[in-house]
Amino acid sequence: MPGLAEELRISIARLSRRLRTLRPAPGDGGPGPLSLAQFAALAAIERHGSMTPRELADHEKVQPPSMTRVIAHLEERGLVARRPHATDGRQVVLNATEEGAALLADERRRKEAWLAKRLGELTEDEREILRQAAPIIDKLSRA
């Protein structure tokens, strides 16, 4: 098990770093890329439809003051919008804007295109092994 744990840690970290290099660089037209925390928060909001700031902080496992800064940046960029909570007037819910959803879609397209090209370089047997491993890796990521 220790050998497998080390191999997975190294491989997943290397793949993650490689995918991060596909993000737009500052000055590539536009206000620059989001930080990893900002991107993760925006993706969580989009995936869940809407979230309160507290739900988002809990989901991302960060303290509410840190999430407040992330939300402020996303709001300033027009990527998320606040609206009143349906049942609790003291709270707000966050939703991804069309611009936020478009930014996520563009980043996902770029990364998936790179992955698809790399997968095309593998044998069918290797792709099948990865197809079977994907849900297991996802399970590990949620533990």
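1. Let me start with Leu130, which touches Leu119 and Leu122 once residues up to four places away in sequence are set aside (contact means heavy atoms within 4.5 Å). Leu130 sits in helix α6, where helices are DSSP runs of H or I with at least four residues, strands are runs of E with at least two, and both are numbered from the N terminus. At 40% relative accessibility, Leu130 is partly exposed; the scale calls a residue buried under 20% relative accessible area, exposed over 50% and partly exposed in between, using a 1.4 Å probe and protein chains only.

2. A word on provenance: this is a predicted model, in which local features need pLDDT of at least 70, side-chain atom pairs count only at pLDDT 80 or more, and totals for chains, interfaces and linings use all residues. Residues are numbered from 1 along each chain as its sequence is written, and side-chain values use heavy atoms, leaving out hydrogens and water.

3. Now the overall layout. The protein has six helices and two strands, in the order α-α-α-α-β-β-α-α along the sequence. Its C-alpha atoms fill a box of roughly 55 × 40 × 20 Å along the principal axes. Of the 143 residues, 22% are buried. Among contacts with a separation of 6 or more, 50% join residues 24 or more positions apart.

4. How do α3 and α4 cross? The axes of α3 (residues 53-60) and α4 (residues 64-76) come within 9 Å and cross at roughly 110°, the axes being lines fitted to C-alpha atoms over the stretch in contact, with angles from 0 to 180 degrees between N-to-C directions. The two helices are therefore roughly perpendicular (65 to 115 degrees; under 35 is roughly parallel, over 145 roughly antiparallel and the rest oblique). Pro53, Arg54, Leu56, Ala57 and Glu60 of α3 meet Pro64, Met67 and Ile71 of α4.

5. Met67 also deserves a look: beyond its neighbours within four places in sequence, Met67 contacts Ala41, Pro53, Leu56, Ala57, Glu60 and Val62. Met67 is also among the residues touching the most other members of the largest nonpolar core, which has 18 residues; the others are Leu34, Ala41, Leu42, Leu56 and Leu74. Such a core is a set of buried Ala, Val, Leu, Ile, Met, Phe, Trp, Tyr and Cys residues joined through side-chain atoms within 4.5 Å. Helices α2 (36-48), α3 and α4 each give two or more residues to this core, and α2 provides the largest share, six residues.

6. Lys61 is worth checking on your screen. Lys61 lies in the loop between α3 and α4 and has a positive phi of about 55° without being a glycine. Most residues other than glycine have a negative phi. At 74% relative accessibility, Lys61 is exposed.

7. Is Asn95 buried or exposed? Asn95, in strand β2 (residues 92-96), is buried, with a relative accessible area of 18%. Its side chain reaches the backbone oxygen of Gly49 at 2.6 Å. Leaving aside neighbours within four places in sequence, Asn95 is in contact with Ile45, Gly49, Ser50, Leu79, Val80, Ala81 and Arg83.

8. Last, Glu121 belongs to the loop between α5 (98-120) and α6 (124-142). Glu121 counts as exposed, at 55% relative accessibility. Glu121 and Lys139 are 18 residues apart in sequence, and their C-alpha atoms are 26 Å apart in space.

Definitions and conventions. Polar contact = N/O pair within 3.5 Å; in protein donor to acceptor, adjacent residues only side chain to side chain.
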